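Thanks for coming. Please have a look at the structure before I start.

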Amino acid sequence: LFMTATETDYNMWIAVIYACGQSKQWEKALGLHRDMELAGIPQTVSTYNAVITSMEISDKWDVAYQLYQDMINRDMLPNEITYNTVMAALAKAGKWQIASRMLETMGEKRLKRSVQSYNHVIASLAVACEWDAATGYIQKMNEEFLKPDLTTYNIVLRGLSATGRWREALALLDDMRSSGVTPDATTFAKVIALLEEQGQLRQARDLLEQMRMLGIKPEASSYSSAMQSSLEQGNWQEAMSYLNDMKAKKVKLDISTYRVAVLACGKARQWKKAFDLVGDMVLNQVDPDGEIYAAVIMACSESGQWRRSMELINVMKRDGVRAPSIAPYMRTLLVIGKLGLYKRALELFRIIEADPALTLGTECYAAVFDCCALSGQWELGLAMLEEAKKKGIELDVDCYRGVIGSCTKGKQMRRAYDLFIEMVEAEIEPDEEMVAVGARLKQIVSRADAVAG
């Protein structure tokens with residue numbers, strides 16, 4: 001193309017400059033513009049517009065503005081295309097002061113200022129986070145009988161969202177409708193996210209319903225916000241309804257959406273729904289995180305479904321997923337412990353022990369001791385007690401209650417009584433129940449000694 005662009009082929013020069021611009025070769029476009037002048041080909045508004053467009057595409061706002069200034073110095077009259085293109089470049093760089101002056105200059109030169117012209121200035125203000133000024137330009141557009149379009153509103157709504165001004169955002173949304181501008185999914189998503197952030201969950205949910213009525217396909221984030229409202233109100237059925245609606249509309253489900261649904265089901269103790277959601281996540285190639293697993297484990301454990309809890313805990317162990325706290329493990333351990341399933345309790349205890357992010361404490365040992373008491377596993381209870389001492393675990397009356405109980409059930413009365421004495425000597429104050437246990441054990445041991453004597 002460079003070889004065939006002769007000195008007299010004016011249109012070819014412009015075409016090549018535009019071609020360089022489209023491929024973001026702004027330096028070549030600028031060089032060709034200079035070569036035209038060296039070749040004696042007159043510069044016109046069209047040639048300047050071609051090279052300015054190349055600068056805008058390559059985000060070279062400073063060169064674009066310099067070329068505009070060069071036109072002024074040459075007594076050329078930039079046209080609407082010139083101004084809009086330079087302002088587009090300025091908008092991306094957030095150079096709102098220059099863009100605003102250029103918009104004013106257009107009015108002074110009696111050039112037609114379009115919605116696009118205003119949008120460029122509003123966009124430049126948005127990049128610079130000058131949101132109040134951006135909002136003010138909508139009023140200026142109305143004064144010039146220009147109708148703001150979807151782009152105008154979305155830019156300003158982004159600013160209102162960034163500054164937490166949800167009331168103004170809702171008012172602007174109403175203004176859009178009254179002006180005949182139909183909000184799109186992006187518009188609703190911005191406002192719904194803002195409402196969620198500001199705790200206006202009911203209004204966020206209402207907007208989602210409006211989207212559904214208008215036939216606008218909501219984004220996943222919009223569903224998540226509405227589902228958060230369902231979670232806050234304890235309405236797990238509604239949360240699941242939104243999730244099913246997403247599937248029907250083929251909205252891509254993300255981890256945030258699943259998390260809210262799982263938490264809603266978990267809060268309502270709908271353990272099976274919560275458990276099935278984990279399987280649904282895997283099928284949809286969304287990896288559950290520790291928070292999701294924890295919520296499901298808690299729901300299962302609180303409903304007595306310890307086998308499901310252990311299944312998920314082992315999956316977490318296999319996949320290297322860590323829970324945000326020890327709480328779900330502890331809850332499962334307590335459930336298993338109350339059933340006297342000492343092998344399962346010990347298995348879970350070792351899983352907790354192997355996780356460096358979790359800390360074994362008094363409560364964990366107490367749960368295992370309690371399990372030993374119910375199952376009569378006195379040898380295991382004594383072994384775990386020695387282990388706890390070596391690790392420096394602060395033993396309390398519940399720990400001794402469990403171990404003493406395991407010895408009692410295993411008919412190891414003297415061992416049980418010795419443990420009671422050990423507890424007292426360790427200055428662990430027995431409660432009323434343990435005082436009675438100690439007294440009874442003392443009688444049994446005393447009678448046994450008397451018989452032996």
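I start with helix H3, whose buried residues pack against helix H1 (10-22), helix H2 (26-38), H4 and H5. Keep in mind that this is a predicted model.

How many of the 13 residues of H3 are buried? The count is 10, so the helix is mostly covered, where buried means under 20% relative accessible area. Those residues are Thr 47, Tyr 48, Asn 49, Ala 50, Val 51, Ile 52, Thr 53, Ser 54, Met 55 and Glu 56.

Next, the length of H3, which covers residues 45-57. With 13 residues at 1.5 Å a residue, H3 should span 18 Å. Just after H3 comes Asp 59, which takes a positive phi of about 60°.

Now the aromatic rings. Counting rings whose centres lie within 6.5 Å, we get six aromatic pairs. One of them is Tyr 68 with Tyr 83, an edge-to-face pair at 5.3 Å centre to centre, with 65° between the planes. An angle over 60 degrees is what counts as edge-to-face.

Where do these two tyrosines lie? Tyr 68 is in helix H4 (residues 61-73) and Tyr 83 is in helix H5 (residues 80-93), so the pair ties together parts that are 15 residues apart in sequence. Tyr 68 has a relative accessible area of 6%, so it counts as buried. Tyr 83 is also buried, at 1%.

Phe 349 is buried, at 0% relative accessibility. Tyr 365 is buried too, with a relative accessible area of 0%.

Back to the tyrosines for a moment. Tyr 68 and Tyr 83 belong to one aromatic cluster together with Tyr 65.

Last, two charges over rings. Which residue has its charged end over the ring of Tyr 137? That is Lys 140, at 4.3 Å from the ring centre. In the other case, Arg 308 lies over the face of Phe 275, and here the distance to the ring centre is 4.6 Å.

That is the end of my part.

How values were computed
Residues numbered from 1 in each chain as written. Predicted model: local features only at pLDDT ≥ 70, side-chain atom pairs only at ≥ 80, totals over all residues. Heavy atoms only, no water. Phe/Tyr/Trp six-rings, centres within 6.5 Å; stacked < 30°, edge-to-face > 60°. Helix = DSSP H or I, 4+ residues; strand = E, 2+ residues; numbered from the N terminus. Buried < 20%, exposed > 50% of the residue type's maximum accessible area, 1.4 Å probe, protein only. Lys NZ or Arg CZ within 6 Å of the ring centre and 35° of its normal. Expected span 1.5 Å × (residues − 1). Contact = heavy atoms within 4.5 Å.
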